[in-house]
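Here's a quick briefing on charged side chains and pocket space. Take a look at the model first, then work through the points below.

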Amino acid sequence: MNLSGIVAVSGKPGLWKALAQNKTGFILESLDAQKIKLIANLSTAKLAALDEITIFGYDDDIRLTDVFERMKAASNVPDAKADGKALRAFFKEVAPDHDEEKVYASDMKKVLNWFTILKDMPLFSEEPAAAPAAEGEAETEKPAVKAAPKVTEKPKQVAQKKAPAAPKAKVSAPRNPSKKG
């Protein structure tokens with residue numbers, strides 16, 4: 001699944017696609033049927049890219065894309081408006097190692113809402129554009145290392161400016177108060 005460029009905006013419902021970036025923020029388009037355009041100011045709005053979101057786990061954090069993959073394979077996805085017990089039971093199925101104390105019902109509802117928005121979109125079933133190569137392939141295809149060319153000219157010496165001398169302080173002998181001047 002290719003979730004690059006899909007963001008959630010704090011304070012705004014739904015999901016947004018990042019179209020472009022300008023000086024002050026991002027130009028976003030909603031993923032719903034209305035296709036509302038929005039300029040999200042970076043100084044006031046908080047954006048969260050879906051491909052970087054993780055869910056609290058006991059050992060390691062769980063990537064949202066992994067949870068979406070398991071949700072796609074699940075047979076019975078509950079409605080986001082279901083009660084907390086049904087959501088928790090479903091989350092134990094798709095993210096068995098999630099931390100139940102840190103993942104709230106509101107978080108699970110948000111993930112289910114995002115899933116219902118994304119599940120019918122073509123980008124949900126396509127592969128990411130830049131897939132990293134497997135470690136075994138990377139080791140076998142090492143590029144040849146070329147020797148650096150020899151330098152025949154001497155490097156030019158740069159004249160260094162001398163630091164300005166510290167100003168001299170006037171030192172005077174202390175006056176003897178018994179003598180009048």
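A salt bridge here is a side-chain nitrogen of Lys or Arg within 4 Å of a carboxyl oxygen of Asp or Glu. The structure holds three of them. This is a predicted model, so local features need pLDDT of at least 70, side-chain atom pairs count only at pLDDT 80 or more, and totals for chains, interfaces and linings use all residues. Residues are numbered from 1 along each chain as its sequence is written, and side-chain values use heavy atoms, with hydrogens and water left out.

**Salt bridges**

- Glu-29 and Lys-37 pair up through their side chains at 3.2 Å, N to O.
- On accessibility (buried is under 20% relative accessible area, exposed over 50%, partly exposed in between, with a 1.4 Å probe and protein chains only), Glu-29 is buried at 17%, whereas Lys-37 is exposed at 54%.
- Lys-72 and Glu-69 make a salt bridge at 3.8 Å, N to O.
- Both Lys-72 and Glu-69 sit in helix 1 (residues 64-73), three residues apart, or about one turn of the helix; helices are DSSP runs of H or I with at least four residues, strands are E runs of at least two, and both are numbered from the N terminus.
- Lys-72 is partly exposed at 39%, and Glu-69 is partly exposed at 36%.
- Glu-100 bridges to Lys-92, with the closest N and O atoms 3.6 Å apart.
- Glu-100 is partly exposed at 33%, and Lys-92 is partly exposed at 43%.

**Arg-88, without a salt bridge**

- Arg-88 belongs to helix 2 (residues 84-94).
- Arg-88 is buried but has no salt bridge, and the nearest side chain of opposite charge is Glu-100, 4.6 Å away. For charge, Lys and Arg count as positive, Asp and Glu as negative, and His and the chain ends are not counted.
- Setting aside neighbours within four places in sequence, the contacts of Arg-88 (heavy atoms within 4.5 Å) are His-98, Glu-100, Val-103, Tyr-104 and Met-108.

**The largest pocket**

- A pocket is an open set of points on a 1 Å grid over the protein atoms alone, where a 1.4 Å probe fits, with protein on both sides within 12 Å along at least five of seven lines; lining residues have an atom within 4 Å of a point.
- The largest pocket holds about 490 Å³ of space.
- Of its 26 lining residues, Ile-53, Asp-107, Lys-110, Val-111 and Trp-114 are the closest to the centre.
- Helix 3 gives the largest share of the lining, eight residues.

Note on methods: Grid points are joined across faces, edges and corners, and a volume is the space filled by probe spheres set on the points.
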